[in-house]
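Reader: Please show me the model, and then let me ask how each label was reached.

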Amino acid sequence: MGAHLGNKGFVADINVTPFVDVMLVLLIIFMVTTPMMTEGLDVDLPQTKQVESLPTEADHLVLTLRQDGVIYLDEYKVELEELEDYLTRLVREKNKGLFLQADTNVPYGMVVDIMGRIKAAGIEKLGVVARPQEERNTAPQRKK
């Protein structure tokens, strides 16, 4: 009771079309849902005139200072006392870049303290994350 073609015997081929269909559907589902899972942290960034975009390669980490004083290295919460150790192991030893993003309402003293700890961890290059300044209508108005 098997599939056979006349007198030639049994067919040993497996139909992989349903398997490929299921895999393509799963691929599409993962492609759509993955960006939703990496939303990032809610930070009100300060504005500035000149802003460059962050590099897209994965050779950098982002240190986030939230308004409530909580510190994150990428999306992982870090205590202030452990910050230098994490920066040494994850940034300096692996030769990655570090970017600092701080909420607009974080006290300046805390930002300077964090920058001092970054320097103490042996990290020489630090990028600061900001958002572009909103364009204002500065064109002169004509008199009617």
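Author: The side chains of Glu124 and Lys119 meet in a salt bridge, 3.0 Å from N to O. The model is a predicted one.

Reader: Why is the contact between Glu124 and Lys119 called a salt bridge?

Author: The rule asks for a side-chain nitrogen of Lys or Arg within 4 Å of a carboxyl oxygen of Asp or Glu. Glu124 and Lys119 meet at 3.0 Å, N to O, so the pair counts as a salt bridge. Both residues are exposed.

Reader: How many salt bridges does this rule give?

Author: The count comes to three salt bridges. One of them joins the side chains of Arg66 and Asp68, at 2.9 Å from N to O. Another joins Arg117 and Asp113, at 3.4 Å from N to O.

Reader: What makes the pair Arg117 and Asp113 a salt bridge?

Author: The limit is 4 Å. The N to O distance for Arg117 and Asp113 is 3.4 Å, so this pair qualifies as a salt bridge.

Reader: Where do Arg117 and Asp113 lie?

Author: Both are in helix H3, residues 108-120. They are four residues apart, about one turn of the helix.

Reader: Why are Arg117 and Asp113 called partly exposed?

Author: Partly exposed lies between buried, under 20% relative accessible area, and exposed, over 50%. Arg117 has 21%, so it is called partly exposed. Asp113, with 32%, is therefore partly exposed as well. Arg66, from the bridge with Asp68, has 24% and is therefore also partly exposed.

Reader: Which residues form a negative surface patch?

Author: The patch is formed by Glu79, Glu81, Glu82 and Asp85. Glu81 is found in the loop between strand S4 (76-78) and helix H2 (83-92).

Reader: How do you know that Glu81 is exposed?

Author: Exposed means over 50% relative accessible area. Glu81 has 64%, so it counts as exposed.

Reader: What makes the patch a negative one?

Author: Asp and Glu count as negative. The patch consists of Glu79, Glu81, Glu82 and Asp85, and is therefore called negative.

Reader: What is the phi of Asp74, and where does this residue lie?

Author: Asp74 has a positive phi of about 55°, although it is not a glycine. It lies in the loop between strand S3 (71-73) and S4. Its relative accessibility is 28%, between the limits of 20% and 50%, so Asp74 counts as partly exposed.

Reader: Is Asn95 buried or exposed?

Author: Asn95 has a relative accessible area of 70%, which is over 50%, so it is exposed. Its place is in the loop between H2 and strand S5 (97-102). Phi of Asn95 is near 55°, a positive value in a residue other than glycine.

Reader: Which residues does Leu90 touch?

Author: Leu90, found in helix H2, touches Leu61, Leu73 and Lys96, not counting residues up to four places away in sequence. Leu90 and Leu61 are 29 residues apart in sequence, and their C-alpha atoms are 8.5 Å apart. The relative accessible area of Leu90 is 30%, between 20% and 50%, so this residue is partly exposed.

Reader: How do you know that Val129 is buried?

Author: Buried means under 20%. Val129 has a relative accessible area of 12%, so it is buried. Its place is in the loop between strand S6 (126-128) and strand S7 (131-132).

Reader: What share of the protein chain counts as buried?

Author: Of its 144 residues, 22% count as buried. The secondary structure comes to three helices and seven strands, in the order α-β-β-β-β-α-β-α-β-β from the N terminus. Among contacts with a separation of 6 or more, 70% are between residues 24 or more positions apart.

Definitions and conventions. Residues numbered from 1 in each chain as written. Predicted model: local features only at pLDDT ≥ 70, side-chain atom pairs only at ≥ 80, totals over all residues. Heavy atoms only, no water. Helix = DSSP H or I, 4+ residues; strand = E, 2+ residues; numbered from the N terminus. Buried < 20%, exposed > 50% of the residue type's maximum accessible area, 1.4 Å probe, protein only. Contact = heavy atoms within 4.5 Å. Patch = residues over 30% accessible without salt bridge, like charges linked within 9 Å, V, L, I, M, F, W, Y side chains within 5 Å. Areas by Shrake-Rupley, 256 points an atom, 1.4 Å probe, with all protein chains shown as cover. Charge placed at Lys NZ, Arg CZ, Asp CG, Glu CD.
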